[in-house]
Amino acid sequence: MVRSSAAFAMLGAASILALTGAGCAPKTTEAVPATPLAAAAPTADADMQAVLDQLAALGGKPIETLEPAEARKQPTPADAVKALMIKQGMSTAADPAVTTKDVTYPAGAGLQKARVYRPTGAKGPLPVVLYIHGGGWVIADIDVYDAGPRALAKLANAIVVSIEYRHAPEAKFPAAHDDANAAYQWVVANAAKWGGDPKKLAIVGESAGGNMAMTVAMTARDKGWPKPLAVVAVYPVADTSMETASKKAFTAAKPLNTPMLAWFFKHTLTSSDQASDSRLNLVSAKLDGLPPTTIILAEIDPLHDDGAHLADRLKAAGVTVDVKEYAGVTHEFFGMGSVVADAKAAETYAADKLKAAFGLSPA
């Protein structure tokens with residue numbers, strides 16, 4: 001169990017090292033610094049495996065072998081969840097406990113889409129959460145990542161604003177980060193218009209979005225913007241070294257594998273020097289003065305140790321950090337609460353941490 005240039009064209013585990021120069025009961029354990037793997041590799045729980053099997057049955061091609069335009073057309077874990085729900089006789093209709101409105105915001109260059117989630121019938125100024133989706137800065141969108149922000153709006157009784165941003169390779173680093181910063185300023189300015197409380201703000205992100213959630217908090221600190229009360233980073237991209245134990249262990253994992261990480265960086269970066277930029281390699285960033293941070297990890301995930309290493313660096317910088325590892329699940333499990341028990345537990349955990357930061361309930 002995991003605890004705790006060659007050229008751009010190379011898609012193997014050495015690529016980013018070259019770039020940098022260097023229905024089961026929920027089971028959770030607190031993450032600790034990465035240690036060597038146990039003799040037996042971890043296996044997915046039955047409910048997680050059902051999603052993986054369904055994803056395989058959808059017949060997608062390996063992302064790392066495709067051009068970005070084709071990669072964006074491949075079946076997603078969200079598609080697998082929907083197909084599994086249908087197979088199990090479950091309704092796939094949107095939860096009526098949350099209403100949505102699609103809008104646009106002024107991004108770093110032009111307008112980008114955003115979706116505002118609001119608990120149905122909620123009264124009074126509500127806390128507001130900026131949510132940033134994953135996809136390695138290359139694939140996915142707010143539709144693929146609909147379940148996570150929808151669950152958080154319901155469970156945290158908060159307005160959640162999920163944003164789109166420019167994707168690579170059409171717009172390379174730092175375009176997406178610039179859009180995320182612009183979105184945060186826009187959310188601050190418009191929170192009251194949506195019935196939100198601009199003094200109760202937080203940021204949540206998954207994967208590449210978890211990376212950007214952290215960098216938005218860093219930018220707010222550095223530029224003197226209103227400070228978020230909390231950050232929740234779900235299996236964030238945080239350590240561009242490919243020598244972490246989890247990246248070595250889960251080279252062939254699904255739905256995210258180590259060659260895919262190299263593929264994402266290949267399409268996102270303009271030059272190899274950018275891999276050491278502290279907005280990507282968060283473990284090298286100045287982290288002091290950030291708000292309380294919650295990091296959620298999946299056991300079977302090449303990015304597991306990115307989050308574990310980031311937690312260690314945050315603690316060393318004096319930041320309040322809560323870390324939770326969920327065993328038997330993979331990258332992308334967050335948002336699968338309808339079919340994966342640990343996903344529902346993780347969504348509830350994240351919502352409870354947000355509510356505590358907003359002064360609505362104990363952690």
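**Buried residues, backbone geometry and a helix pair**

Glutamate 332 is buried, as its relative accessible area is 16%, and a residue counts as buried when this value is under 20%. In this predicted model, glutamate 332 belongs to the loop between β9 (321-330) and α11. Although glutamate 332 is not a glycine, its phi is positive, at about 80 degrees.

A positive phi also occurs at tyrosine 235, again a residue other than glycine, where the value is near 30 degrees. The loop that holds tyrosine 235 runs between β7 (230-234) and α8. Tyrosine 235 counts as buried because its relative accessibility is 0%.

These residues belong to a protein of 363 residues, 55% of which count as buried. The secondary structure consists of eleven helices and nine strands.

Proline 174 is located in the loop between β5 (159-163) and α6. Another cis peptide bond links lysine 254 and proline 255, and here omega is about 5 degrees. Proline 255 lies in the loop that separates α8 (245-249) from α9 (258-268).

Helix α6 (residues 175-190) contains asparagine 181. Asparagine 181 counts as buried because its relative accessibility is 13%. When neighbours within four places in sequence are set aside, the contacts of asparagine 181 are Thr215, Val216, Thr219 and Trp225.

The packing of one helix pair was also examined. Two packed helices are described by the angle between their axes and the distance between the axes. For helix α5 (residues 147-156) and helix α11 (residues 341-357), the axes come within 9 Å and cross at roughly 55 degrees. Helix α5 is therefore oblique to α11, and the crossing of the two is right-handed. On the α5 side, the contact involves Ala151, Leu152, Leu155 and Ala156; on the α11 side, it involves Lys344, Glu347, Thr348, Ala350, Ala351, Leu354 and Lys355. Seven of the residues in this contact are nonpolar, one is polar and three are charged.

Note on methods:
Residues numbered from 1 in each chain as written. Predicted model: local features only at pLDDT ≥ 70, side-chain atom pairs only at ≥ 80, totals over all residues. Heavy atoms only, no water. Helix = DSSP H or I, 4+ residues; strand = E, 2+ residues; numbered from the N terminus. Buried < 20%, exposed > 50% of the residue type's maximum accessible area, 1.4 Å probe, protein only. Axes fitted to C-alpha atoms, helices over the stretch in contact; angles between N-to-C directions. Parallel < 35°, antiparallel > 145°, perpendicular 65-115°, else oblique. Left-handed = near helix turned anticlockwise from the far one by under 90°. Contact = heavy atoms within 4.5 Å. Nonpolar A, V, L, I, M, F, W, Y, C, P; charged D, E, K, R; others polar.
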